[in-house]
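Trainee: I have a model open and want to learn how to read it. Where do we begin?

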Amino acid sequence: MYDITIIGAGITGSLIAYYLSEYDFKVLVLEKENDVANGATGANSAMVHSGHDPKPGTLKCKYNLLGNAMYPKLCEDLKVSYKVIGAFVAATSLEEEKKLDELVKQCIDRNVPYELLSGDEAKKLEPNLADDVSKVLSLPSTGIVTPWEVTIAALEEAMLNGVELKLNYEVKSIEKKDDCFLINNDIKTKIIVNCAGVHCDDITNLLRVSPYKTEARKGEYYVLDHLNDTFVSRVIYPVPTIKGKGVLAVPTIHGNILLGPNSDYIEDKDDASTNKGLDFIKKEINKTVKNIPFNKMIHTFAGLRPHIDLNDFYIQEDDEIKNFIHVAGIESPGISAAPAIAKDVVEKILLNKFDYKKKDNYVHREAFIRMDEISDEKKDELIKNNPDFGKIICRCEKISKGQIIDVINRKCGATTIKGVKLRCRPGMGRCQGGFCEPEVLKILAQQLNKDVSEIELNVKDSKILLAKAKEDL
Ligand SMILES: Cc1cc2nc3c(=O)[nH]c(=O)nc-3n(C[C@H](O)[C@H](O)[C@H](O)COP(=O)(O)OP(=O)(O)OC[C@H]3O[C@@H](n4cnc5c(N)ncnc54)[C@H](O)[C@@H]3O)c2cc1C
């Protein structure tokens, strides 16, 4: 019997598991996909918002502000990158300038650092702001992070400390039996924490009529390659509207630029295909930035926001079913808020339910090896000890065989091509895996002791990829 079962291995479920792993509970995480962070956490703007924007008095506002303050220490502890790069909210009309004044009031009330700049002052700092930009709200505490790296690191550390993870495990039935729950007629647990993103209402409906309805709101993006010249060095937001924060230009941790997202409700809650939103983005992005290097576009993707009809996060124990905890409606600013949500769920809800003890033998994870982040001396030493670190597999991102083997042979390690890509980036560059994926596939097969045809591909042109990998065997 498990003490606590978390449904969903996105950033919220994984950080809850991470904070729980300090204590002597038996914890299980269930995920329907073949890897963690495959829902909203794997496809978003990857920003830690300052907290200037959510409506006052909402949980979104509270947890965004707390989360922004927690990120530097969390990322240091998890050994993943976090950068505070700041953001500009760019107004292009008198009406929008008035809206900036309202945002300034919110910044003052919330202690969010800010500065108001004239269009000319702002353009000196960001020369690619559009000519029409007349006034700018600068938000220096805005950060960027790679949300799936936080999620993978949090689960890796949780698993090093005893948390169990079951992938490819879709929760399809839940029965309440006396003092516990029975999941899929298979797993017994005292407590369920529902972190199932767009499927939170479906999970709740397995037990009772859900008090909220979850919808998917799609956001699409263009990804630009690393650029020699800086296009923008901060996040550039337009002035927000009732539809949300609008179409942004966002530098990423690994040096790419994201342009997007749009915001469209869709019927199929799992349809993360890209389509008409991209045209909208091309049109809208011109309002705030110019000289956009679309010739450096290497990829497009879409993410699905888990929106609920209560218009705020819904984080509480169920009113009718004891020990069933909702962590629902975690749409934007969910990445920013996730550490604070997770800590509160653990400390204010879950710890109250047990006599508990902190573990005295807590283990920390080691950082992934990043060849581009270490000195030449360290690189030489690494290659001398293990020549695989000198064998470059991904030429675009300069990823070695040693790095790929490292991310496979860990707790919460990669088992798919996409899993390797998310952890150490082969396939993220200009060729989008055209050259390196057959090699990655062979390394996966060798390390997992499988045939290449047994590895889940989940990539376009999988037949060609398999043929290329087999050709070289
Ligand atoms: C376009 C877009 C842009 C965004 N930009 C930002 C941003 O810049 N900053 C920010 O703070 N936030 C942003 N967000 C919001 C943020 O991405 C989400 O709030 C966050 O990722 C939600 O994490 P989660 O763990 O709650 O959900 P998810 O990441 O969706 O995880 C839910 C998990 O539950 C699993 N699951 C579902 N049903 C079952 C089942 N039956 N059995 C087992 N597992 C199941 C899913 O497979 C999934 O892995 C954005 C979101 C989108 C879509």
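Mentor: Strands here are DSSP runs of E, at least two residues long, and helices are runs of H or I, at least four, numbered from the N terminus. This is a predicted model, where local features need pLDDT of at least 70, side-chain atom pairs count only at pLDDT 80 or more, and totals for chains, interfaces and linings use all residues. Residues are numbered from 1 along each chain as its sequence is written.

Trainee: Which strands does β12 join, and how do they run?

Mentor: Two strands pair if DSSP finds at least two bridges between them. Strand β1 (residues 2-7) runs parallel to β12 (residues 187-194), with five bridges. Strand β20 (residues 324-328) is also parallel to β12, through three bridges. There, Val 193 partners Ile 325. β11 (residues 180-183) is antiparallel to β12, again with three bridges.

Trainee: How many residues lie between β11 and β12 in their hairpin?

Mentor: Three. Asn 184, in that turn, has a positive phi of about 50°. Ile 183 pairs with Ile 187 of β12.

Trainee: In a strand, where do the side chains point?

Mentor: In a regular strand they alternate between the two faces of the sheet. For contacts, take two residues whose C-beta atoms, placed from the backbone, lie within 7 Å. Leaving out residues up to four places away in sequence, Val 193 touches Ile 4, Ile 6, Ile 16, Ile 325, Val 327 and Val 345.

Trainee: How is the chain divided?

Mentor: The bounds come from an automatic or database domain assignment. Domain 1 is 1-80 + 144-213 + 309-367, domain 2 is 87-140 + 216-303, and domain 3 is 371-471. The C-alpha centres of domain 1 and domain 3 lie 29 Å apart.

Trainee: Which residues come nearest the ligand?

Mentor: A residue counts as near if its C-beta atom, placed from the backbone, lies within 6 Å. Of the 40 residues around the ligand, Gly 10, Gly 39, Gly 197, Gly 219 and Gly 334 come nearest. β18 gives the most to this shell, four residues. Domain 1 and domain 2 each supply at least three residues of the shell.
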